[in-house]
Amino acid sequence: MYFVKVYVTYKDSVLDPQGEAVKGAIHRLGFEAIEEVRIGKYFEIKVAKSDQPIEASIEKICDSLLANVNMETYRYEIMEEA
């Protein structure tokens, strides 16, 4: 079995309004040194071993469902569970 962590965030060129709102709240708390906050999505996926390469399956899932590839980017970590 595999355990996959997927992180989805806006591309650097895309404005993140939620991140800007959080940054404003952080500044109001007195933490003026914070320059940027980006909001994203996090997914945990357990995958049974199969004949298909896990990377291809995860790429297809991310491209088709988890991320809007026009606005977002993603990365993932694959760990094999005992």
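**Helix α1**

I began with K23 and E20, which lie three residues apart in helix α1 and are therefore separated by about one helical turn. Helices here are DSSP runs of H or I with at least four residues, strands are runs of E with at least two, and both are numbered from the N terminus. The model is predicted, so I noted that local features need pLDDT of at least 70 and side-chain atom pairs count only at pLDDT 80 or more, while totals for chains, interfaces and linings use all residues. Residues are numbered from 1 along each chain as its sequence is written, and side-chain values use heavy atoms, with hydrogens and water left out.

I then looked up the contact between these two residues. K23 and E20 form a salt bridge, with 3.4 Å between the closest N and O atoms. The term means a side-chain nitrogen of Lys or Arg within 4 Å of a carboxyl oxygen of Asp or Glu. K23 counts as buried because its relative accessibility is 16%. E20 counts as partly exposed, at 38% relative accessibility. The cut-offs are under 20% relative accessible area for buried and over 50% for exposed, with partly exposed in between (1.4 Å probe, protein chains only).

**Other salt bridges**

How many salt bridges does a search of the whole structure find? I got five.

K49 and E80 form one, and their closest N and O atoms are 2.3 Å apart. This pair links distant parts of the chain, as K49 is in the loop between β2 and α2 (54–66) and E80 is in strand β3, 31 residues apart. K49 is partly exposed at 48% relative accessibility, while E80 at 52% counts as exposed.

I also looked up E77 and R75, a salt bridge with a closest N and O distance of 3.6 Å. E77 has a relative accessible area of 31%, so it is partly exposed. R75 is partly exposed as well, with 48%.

**Strands**

I checked how the strands pair (DSSP must find at least two bridges between them). Strand β1 (residues 2–10) pairs with β2 in the antiparallel sense, over eight bridges. In that pairing I looked up Y2, whose bridge partner in β2 is V47. β1 also pairs with β3 in the antiparallel sense, over nine bridges. There, V6 has Y76 in β3 as its bridge partner.

**E72**

Next I went to E72, which is in strand β3 (residues 72–80). Is E72 buried or exposed? Its relative accessibility is 13%, so E72 counts as buried.

The side chains of E72 and K41 are joined by a polar contact of 3.5 Å. A polar contact is a pair of N or O atoms within 3.5 Å; within protein, one must be able to donate a hydrogen and the other to accept it, and residues adjacent in sequence count only if both atoms are side-chain atoms.

Leaving out residues up to four places away in sequence, I listed what E72 touches (heavy atoms within 4.5 Å). The list is V8, T9, Y10, K11, K41, L66 and A67.

**F31**

Last, I looked up F31, in the loop between α1 (17–28) and β2 (40–47). F31 counts as exposed because its relative accessibility is 52%.
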